[in-house]
Amino acid sequence: MTTMTYEQAMEEFDPVFGIEVHVELNTATKMFCGCANEFGAEPNTQVCPVCLGLPGAMPVTNEKAVESAIRLGLALGCSIRESSRFARKNYFYPDLSKDYQISQYDEPTCYEGSLDVVLDDGTVVTVEIERAHMEEDAGKNTHVGGSGGIQGADYSLVDYNRGGVPLVEIVTKPITGMGARTAEVARAYVATIRDIVRALGISDGRMEQGSVRADVNLSLRPKAVAGESQDAVPFGKRSETKNVNSLRAIERAVHFEAARQASLLLAGQPVVQETRHWHEDTSSTTPGRSKEEAEDYRYFPEPDLLPVQPSREWVEELRGTIPEHPAKMRARLREAWGFSDLEMRDVVAADALVLIESTVAAGASAQAARKWWMGELSRVANDREVSLPELPVTPAAIAELQGLVDDGKINDKLARQALEGVLAGEGSPSEVVASRGLAVVSDDSALEKAVDEALAAQPDVLAKIQDGKVQAAGAIVGAVMKATRGQADAGRVREIILQRAGVEG
Amino acid sequence: MSSLDRSDVARLAALARIDMSDADLDRLSGQLAVIVDAVAKVAEVAGEDVPATSHPIPMANIHREDVVRPSLAQDDALAAAPDAEEGRFRVPQILGEEA
C-alpha cells in the first residue's frame, strides 16, 4: 500500500472534520456534589458518596457550573434552551463510578452557535457549533504492569478525585471546504476555544493538564467531478481520535489521519468507523473500540436531577459579562499599543496579553508593560519553570514599579532589585524600595563627591572630554554607579561630569 | 403486540453485562414484553397535547451553591472496595475488549 502524505491526501480527497472539545470548569466544587474541584490532591481524598456513586446518594447541580456553561454558550453565539435536562449515558469503565455518566443528550443547555476563527494570515473561518452541553468528568486510571499503557496491563488503579468535575463539551457541526487548510483550521479552532474559556475565566484552559481536551473526527470523500457540487458528495466513514491534548498534536493528528485514510482509500480498502487513540511520542493513531459495536449508551433522562430552566433575565445578565472575541481584542490592543505583529504574537504565546492589559490599565505605558513582562519577568518565570500568570506579582505592582522609575525615584537597575524583593514577598515596590534603601542618590553633593573621586582615579578622562570625546564620560559614569551600588541617577552623573569638564551636555 | 423480542433482551443483557442462559432469555423476554406493552398503553391514552414527561413533579432549577463541603477520608472512601493499593481502587485488567 502506498503511503500518502497529508498534502497528497488533500490533493486527492475532500476532507470533512468535526471537533469535540471538553472544557474542565474551574468551579470550587464538583458538578453534583460539594467535593473540592482541585488538581493534584492525594488520591481519593476529594470524594464522597455522590461522586463515588454509592447507592442512595443524590446529586445536586452546581449553580456556578450552570452559569459557566451558559456564559460559554453565549460566547459561542449559542441559543440557551429554556428548559434543558440531564441524561444518563450508560457504559462500563472502571473510572466511571456509577456505570453511567451524567451528561445531556436531547436537550443540551446551549445549541446552534457559531464561532469566527482567525488563521495566522488573517483569514476568518466561521465554525458552526452544534451544541455545548454539561457533563461530569471521569476518574483517573493508572495501569500497572505491562508497558504501563492500557494494553497488556495486569490491573489498574483508580483515583476518583476527578470523577464528577464539571465539564462542558462543545461539538461542532461537520466542517467542510477547508481542503489543505483543514489541520490549520482545526488547530486555530481549539486555540480560540482555549482563549475564550480563559477570557471568560471559567477554566484555566491548560491543555497540558487536560483542562481543555479535544477529540478530532475526520473523514475523506472523493472530490466532486466537474459540474457536480461538492456538497452533493456523501461523507466518507470517519475516525474519531480521542484526547488530542496540545495544539500541535491537533494539527499532527489531522495530518496523520488524513494520510492514513487516503492511503487506505487509494488501495481500495475501507476506512473503518472507529475510535482511535492518539500517541504523542510517535504522532500517530491506533484503533480503539469499533464505534458500531460499542456505542449504545442507552441514554435516558436523569431521574435524580430536575430540569435546568434559566430565566431569560439571568441569561441576558450573563450575556452582559461576555468578553470581546479574543482575536478582535488582540487586533484592537495591537493597534492601541502600537506593537508589531511579531511582538504581539510573542506576547500572546507567553500568556502575557491580559497581564499587559491590566498593567496598562493600572497606569503604565504599553511599551513599559511589555518590557517588564516579556523581559525580566519572563526570565524569572523561565528560571522558576512557571507561566507568567503564576508569578507572585500583580500587574498593579508592575505599574507601580514603572511609576517609581518614571518619577526618577529609582533607575532601571534598582527597579530590578525592587522587583526581586516583590517576587520574594517583601511587599509592594514602594515598600521594598524603602526597606532595602534602594532610592536613587539625588543629593548632588554626594554625587559630585563620587564624580570627583572617580575623575581623580582616571585623570586622563577630563582631557579627552574636553577634546570632544564625550563618550569617555561613560567610564566615569560606570565608576560612580559602581561606587553608589547602582543608586545614582546616571543622567545626573553625566551632567556633573560634563560640568567638571567645562562642557555643556 | 410486543415491541420487545428475544434478541432485544439478549442485546440489552450483553450491554448491561448480565450473563443470561437461553432459559433466562425465553422467560424474561416474555415477562419484559408484557411490561413494555403495559407501559406503551400510556402512549395510547396521551393525546397530542400531552408532551412527553421525564419529570412528573413540576419543579426545576434545584441548584447548590458552589461551596466546598468535607469529603470522605481516603480510608473511608476505600472501605468498601474489594481491593485497594496506594490509596486507589484496584480493579481487574480493563481491556480485552478494547485492545
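Modeller: The discussion below moves from the contact between the chains to sheets, a crossover, loops and helices. This is a predicted model, in which local features need pLDDT of at least 70, side-chain atom pairs count only at pLDDT 80 or more, and totals for chains, interfaces and linings use all residues. Residues are numbered from 1 along each chain as its sequence is written, while chains are lettered from A and ligands numbered from 1 in the order in which they are written.

Colleague: In what order do the strands of the four-stranded open sheet lie?

Modeller: Two strands pair if DSSP finds at least two bridges between them. The order is E8(A)-E9(A)-E3(B)-E2(B), with antiparallel pairing. Its edge strands, each pairing on one side only, are strand E8 (140-144) of chain A and strand E2 (84-85) of chain B. E8(A) and E9(A) are paired in the antiparallel sense over five bridges, and A:Val144 stands opposite A:Tyr155 in E9(A). E9(A) also pairs with strand E3 (residues 88-92) of chain B in the antiparallel sense, over four bridges, where A:Leu157 stands opposite B:Arg90.

Colleague: How many residues of E9(A) are buried?

Modeller: A residue is buried if 20 or more other C-beta atoms lie within 10 Å of its own, exposed if 12 or fewer, and partly exposed in between, with C-beta atoms placed from the backbone. By this rule, four of the five residues of E9(A) are buried.

Colleague: What is the handedness of the crossover from E12(A) to E13(A)?

Modeller: A crossover is right-handed if, with the strands pointing away from the viewer, the path from the first strand over the helix to the second runs clockwise. Strand E12 (residues 239-244) and strand E13 (residues 274-279) of chain A pair in the parallel sense over four bridges, and A:Glu274 is the bridge partner of A:Ser239. The chain passes from E12(A) through helix H4 (residues 247-266) of chain A to E13(A), and this β-α-β crossover is left-handed.

Colleague: Which residue in the loop between E4 and E5 of chain A deserves attention?

Modeller: A:Asp99 lies in that loop. A:Asp99 has a positive phi of about 70 degrees although it is not a glycine. With 14 C-beta neighbours inside 10 Å, A:Asp99 counts as partly exposed. Four bridges join strand E4 (residues 87-90) of chain A to E5(A) in the antiparallel sense, and A:Arg88 has A:Ile102 as its bridge partner.

Colleague: Where do the buried residues of H9(A) lie on the helix?

Modeller: An α-helix has 3.6 residues a turn, so residues three or four places apart point the same way. The buried residues of H9(A) are A:Leu353, A:Leu355, A:Ile356, A:Thr359 and A:Val360. Seen down the axis, they fall within an arc of 165 degrees, so they line one face of the helix. The arc is that of the directions from the helix axis to the C-beta atoms.

Colleague: What covers the buried residues of H9(A)?

Modeller: The cover includes helix H7 (326-337), H8, helix H10 (366-374) and helix H12 (395-406) of chain A. After H9(A) comes A:Gly363, whose phi is positive, near 120 degrees.

Note on methods:
Helices (H or I, at least four residues) and strands (E, at least two) are DSSP runs, numbered from the N terminus. Two residues are in contact if their C-beta atoms, placed from the backbone, lie within 7 Å.
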